[in-house]
Amino acid sequence: MAAQQHKVLPGFHLALGYTLVYLSLVVLIPLAAVFIKSSALSLEEFWAVVSAPRVVATYQVSFGLSLLAAAINAVFGLMLAWALVRYRFPGKKLVDALVDLPFALPTAVAGIALTALYAGNGWLGQYLEPLGIKVAFGPLGILVALVFIGLPFVVRTVQPILEDLDTELEEAAASLGAQRWQTFRLVILPILLPALLTGFALAFARAVGEYGSVIFIAGNLPFVSEITPLMIITKLEQYDYVGATAIAVVMLLISFALLLLINLLQAWTAKRTGRNR
Amino acid sequence: MAGAATTLHWHGDHASKYESRSATREAPWVKGLILGLSLTFFAVFLLLPLVAVFVEALRKGLETYWLALVEPDALSAIKLTLITAAIALPVNLVFGVAAAWAIAKFEFRGKQLLTTLIDLPFSVSPVVAGLIYVLIFGAQGWFGPWLAEHDIRIVFAVPGIVLATVFVTFPFVARELIPLMQAQGKEEEEAAVVLGANGWQTFWHVTLPNIKWGLLYGVILCNARAMGEFGAVSVVSGHIRGQTNTMPLHVEILYNEYNFAAAFAVASVLALLALVTLVIKTWVEWKAAQAQAAIEK
């Protein structure tokens with residue numbers, strides 16, 4: 001029995017007790033506040049808040065664009081991870097280090113930088129707008145911001161799996177007459193798939209909750225380019241605390257579902273690759 | 001672990017291993033295509049925004065740049081950012097070590113659940129992270145009336161900013177240390193205890209040297225987030241210039257006032273901080289790989 005084993009190392013009760021108290025005070029009790037506060041609403045009132053047309057429009061913007069951004073990142077992130085592991089090219093170490101930039105760069109900085117690039121008079125915007133492509137202050141701008149913040153998730157989940165991949169598998173496939181593309185599709189991709197999906201889910205989860213990098217470039221037009229987190233802020237600014245809380249409950253439930261999905265995907269990754277993480 | 005993407009890991013360069021064998025390399029045009037597409041994507045989505053920050057910051061000359069950084073509101077924003085990080089970092093560091101010690105060195109029921117719960121703040125939207133403290137400490141919150149009675153301000157004041165920052169940076173150190181300490185096992189510590197070392201001696205002389213790179217790694221990532229957090233802090237700050245503005249919030253205010261040069265000047269300091277973070281991070285990865293290689297020899 002685990003509970004009855006003799007513990008040689010000291011500090012178990014202190015460390016675990018401290019962990020549980022701190023976790024409860026900082027994370028669990030505050031998060032419970034959202035659910036308790038929302039119980040002030042009856043089920044009909046709650047539903048009326050979270051299914052109001054303007055709020056539903058924000059779900060469509062947030063989820064639709066987050067899915068699209070995560071999909072773009074899955075494709076280009078896989079290519080970038082592949083290039084970083086398999087190819088030699090000048091500046092590789094620099095590229096590898098800068099992939100984590102979205103983790104380190106404050107989101108507000110990313111937001112204003114992207115807006116400066118894609119606004120009508122910006123570096124890229126001045127060439128795109130004459131072509132009829134309006135990026136900043138619309139849904140496309142949100143997409144660009146979400147691609148920016150999501151990229152490292154895919155690269156950093158796929159890269160270690162790719163590094164650990166046994167070359168013998170590919171050699172066996174080649175010696176049995178497989179084309180390179182067949183080897184990739186039938187041998188490599190199935191091994192990478194759980195990690196790729198994990199990276200996709202992580203990028204998606206991050207994008208759904210993202211606020212700082214998006215609000216500068218979004219334009220924040222109701223029914224067009226409002227994201228769900230902004231809706232919470234808007235309700236708060238109108239002193240509609242209960243309304244803000246109701247939307248927060250929806251977002252939290254989605255976060256928990258995504259967390260569960262990501263844990264399952266990571267267990268699948270570990271099973272398929274034999275890696276213990 | 002959920003939310004995890006950056007963990008201490010040195011990506012050694014083994015590309016020549018693949019490029020030298022026909023079974024593991026692509027046709028030159030495929031390689032060119034993959035390299036071209038992925039690097040263009042990298043340049044447009046990551047490199048260009050970074051360059052834009054510095055170019056926009058210096059657009060109106062060095063003097064404007066400097067003045068934007070030394071004006072009183074900017075200085076107080078820098079100060080508040082430093083104070084916030086100086087509080088959030090140690091408390092989450094102590095928590096991270098305690099959590100990793102309990103989870104990695106002992107067996108108990110509910111361990112998997114605890115590990116998942118520690119990761120929770122990563123999957124919560126920053127806006128929701130700010131909202132929860134408004135619900136607890138705000139005027140209409142649980143402790144609102146009591147706090148008002150005693151004239152204590154938490155929300156729309158500095159304590160709220162610190163709390164929100166502690167929440168969003170909560171998992172960083174723990175998440176770095178748990179897998180590291182699990183992989184290292186507990187034989188070394190047990191040997192030390194059997195030889196007569198007490199708990200603290202064991203930790204300082206056996207555990208800490210083994211985890212120092214992981215610890216440093218968690219701390220720098222935690223610091224970057226603490227100094228750069230925007231969404232959560234924005235909800236609880238109240239945006240009072242010179243009082244409850246951190247650097248990212250100061251950037252927002254300047255930007256919304258169309259004072260772009262100043263906004264980018266302050267932003268460029270944060271971008272520099274991000275670059276320094278990445279440099280230290282890469283250095284730590286390299287040192288940790290060296291230490292690992294030395295053990296394996």
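Mentor: Domain bounds here come from an automatic or database domain assignment. The model itself is predicted. For chain A the assignment gives domain 1 (11–40) and domain 2 (43–272).

Trainee: What area is buried between domain 1 of chain A and domain 2 of chain A?

Mentor: Six residues from domain 1 of chain A and seven residues from domain 2 of chain A take part in the contact. Between these domains there are zero salt bridges and zero residue pairs in polar contact, with both residues at pLDDT 80 or more. Carbon and sulfur atoms give 89% of the buried area, which is about 630 Å².

Trainee: How many salt bridges does the rule find across the interface of chain A and chain B?

Mentor: The rule requires a side-chain nitrogen of Lys or Arg within 4 Å of a carboxyl oxygen of Asp or Glu. The side chains of A:R180 and B:E26 meet it, with N to O at 2.7 Å. Across the interface of chain A and chain B, the count is three salt bridges.

Trainee: Which helix gives the largest share of the side of chain A that touches chain B?

Mentor: By class, that side of chain A has 75 nonpolar, 14 polar and 14 charged residues. The largest share, 18 residues, comes from helix α1 (residues 12–38) of chain A.

Trainee: How much area do chain A and chain B bury between them?

Mentor: The contact draws 103 residues from chain A and 107 residues from chain B. Of the area buried between these chains, 76% is on carbon and sulfur atoms, and the total is about 9,500 Å².

Trainee: Which elements of chain B do the buried residues of α12(A) pack against?

Mentor: Helix α12 (residues 228–237) of chain A has nine of its 10 residues buried, among them A:T228, A:L230 and A:K235. Within chain A, the buried residues pack against α3 (53–86), α10 (180–209), α11 (212–218) and α13 (241–273). From chain B, the partners are α6 (126–137) and α12 (231–237).

Trainee: Which residue just after α12(A) takes a positive phi?

Mentor: Helix α12 of chain A spans residues 228–237. Just after this helix, a positive phi of about 60 degrees is taken by A:Y239.

Note on methods: Residues are numbered from 1 along each chain as its sequence is written. Chains are lettered from A and ligands numbered from 1 in the order in which they are written. This is a predicted model: local features need pLDDT of at least 70, side-chain atom pairs count only at pLDDT 80 or more; totals for chains, interfaces and linings use all residues. Side-chain values use heavy atoms; hydrogens and water are left out. Buried means under 20% relative accessible area, exposed over 50%, partly exposed in between (1.4 Å probe, protein chains only). Helices (H or I, at least four residues) and strands (E, at least two) are DSSP runs, numbered from the N terminus. Contact means heavy atoms within 4.5 Å. Buried area is the accessible area (1.4 Å probe) that two parts lose on being put together, summed over both. Ala, Val, Leu, Ile, Met, Phe, Trp, Tyr, Cys and Pro count as nonpolar, Asp, Glu, Lys and Arg as charged, and the others, Gly among them, as polar. A polar contact is a pair of N or O atoms within 3.5 Å; within protein, one must be able to donate a hydrogen and the other to accept it, and residues adjacent in sequence count only if both atoms are side-chain atoms.
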